[in-house]
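Here are my notes on this model, as numbered points. Please read them with the structure open.

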Amino acid sequence: MADIFSGLEKMGLGDISGGNLFEDPSKKTVNVKANEPQKKLVLVNEEDYLFDKSYKCPICDSDFQVKTVRTGKVRMKAVDVDLRPDYSEVDQNKYDIIACPECGYAALGRYFTTLTKYQIEDIRSKICMNYKKIEYKEPIYNYDHAKKLYQLALANAVVKKAKNSEKAYICLKTAWVVRGETQRLDPSSADYENKKKENDAQEKELLKNALSGFVMARQSEDFPIAGMDSTTLDYLIAALAYETDQFDITSKMISELLTSRVANSRIKDKARMLKELMAEKKGQQ
């Protein structure tokens, strides 16, 4: 928890830490993800793929704009085993948080306006009253800024007592942002090894929390969960468990998917591929 919220004190929200991130309906726990080989990426003008989208804050009624990736402009070149989309031109995951610069309310797009009056009151008293305004005037988001926005969204989710699935999804997407940054590190830089090691540890902590939260959500929430149907979520849990060497969980989820009457052929093919990857990984240990 401390690492996830490290840095929030600069925004006046240092007290939002400690305790359990998720509300555990029973008792299950899990872990993390292995990294992709580093690739030298072709430089593009990221600003060309962005535009300013307008929003009205449901907390303070301020009108503001956020950087948004133009629909259809970026090409998805691959999908990681844990369903992270990897884009060619721009890391779209950097721009998925909507954050009000005036009051500090932040959330992923799918959750931005779905608030109860009690959640609004909690955010006003625990976020807005303490928030120190972020000044950021760059034409694109660097990774440090993107990660701060995700931290702010997670802090808001904790304060408003969001569902486990929302908090898990924020953790997962933050991990994807960290992974995107790691892919774009320059291997020739003097601090490459230290930065990569730091990022790898941060990603693992985030994915561990994401997996725990999704397992709890699966036990207590109705589908769709974070926009996923039951078979997609089961596959994601299996993939995250595979990446954290929780092979018993991976095997259980794969078995359920392969014998499921509702899982489609695409999900079953992904489950079979994951089963092969697990066998290979076990053989290397």
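1. Leaving aside neighbours within four places in sequence, which residues is Leu 274 in contact with? The model is predicted, and in it the partners of Leu 274 are Val 81, Tyr 235, Ala 238, Ala 239, Tyr 242, Thr 250 and Ile 254.

2. Leu 274 also belongs to the largest nonpolar core, which holds 83 residues. Together with Ile 59, Phe 64, Ile 97, Tyr 105, Leu 172 and Phe 214, Leu 274 touches the most other members of that core. Helix 2, residues 143-159, gives the most to this core: 10 residues.

3. Now the overall layout. The protein has six strands and seven helices. From the N terminus on, the order is β-β-β-β-β-β-α-α-α-α-α-α-α. Of its 285 residues, 50% are buried. Take the contacts between residues at least 6 apart in sequence: 69% of them join residues at least 24 apart.

4. Helix 6 deserves a check on its length. It runs over residues 247-258, which is 12 residues.

5. Which residues of helix 6 are buried? They are Phe 247, Thr 250, Met 253, Ile 254 and Leu 257. These residues lie on the same side of helix 6, because they cover an arc of only 130° around the axis. The buried residues pack against helix 4 (192-220), helix 5 (230-243) and helix 7 (265-284). Two of the buried residues, Thr 250 and Ile 254, are in the contact list of Leu 274.

6. Ala 239 sits in helix 5. Its relative accessible area is 0%, so Ala 239 is buried. Beyond its neighbours within four places in sequence, Ala 239 is in contact with Val 81, Asp 82 and Leu 274. Ala 239 and Ala 271 are 32 residues apart in sequence, yet their C-alpha atoms are 8.6 Å apart in space.

7. Lys 270 is buried yet has no salt bridge.

Methods. Residues are numbered from 1 along each chain as its sequence is written. This is a predicted model: local features need pLDDT of at least 70, side-chain atom pairs count only at pLDDT 80 or more; totals for chains, interfaces and linings use all residues. Side-chain values use heavy atoms; hydrogens and water are left out. Helices (H or I, at least four residues) and strands (E, at least two) are DSSP runs, numbered from the N terminus. The expected span of a helix is 1.5 Å times one less than its number of residues. Buried means under 20% relative accessible area, exposed over 50%, partly exposed in between (1.4 Å probe, protein chains only). The arc is that of the directions from the helix axis to the C-beta atoms. Contact means heavy atoms within 4.5 Å. Lys and Arg count as positive and Asp and Glu as negative; His and the chain ends are not counted. A salt bridge is a side-chain nitrogen of Lys or Arg within 4 Å of a carboxyl oxygen of Asp or Glu. A nonpolar core is a set of buried Ala, Val, Leu, Ile, Met, Phe, Trp, Tyr and Cys residues joined through side-chain atoms within 4.5 Å.
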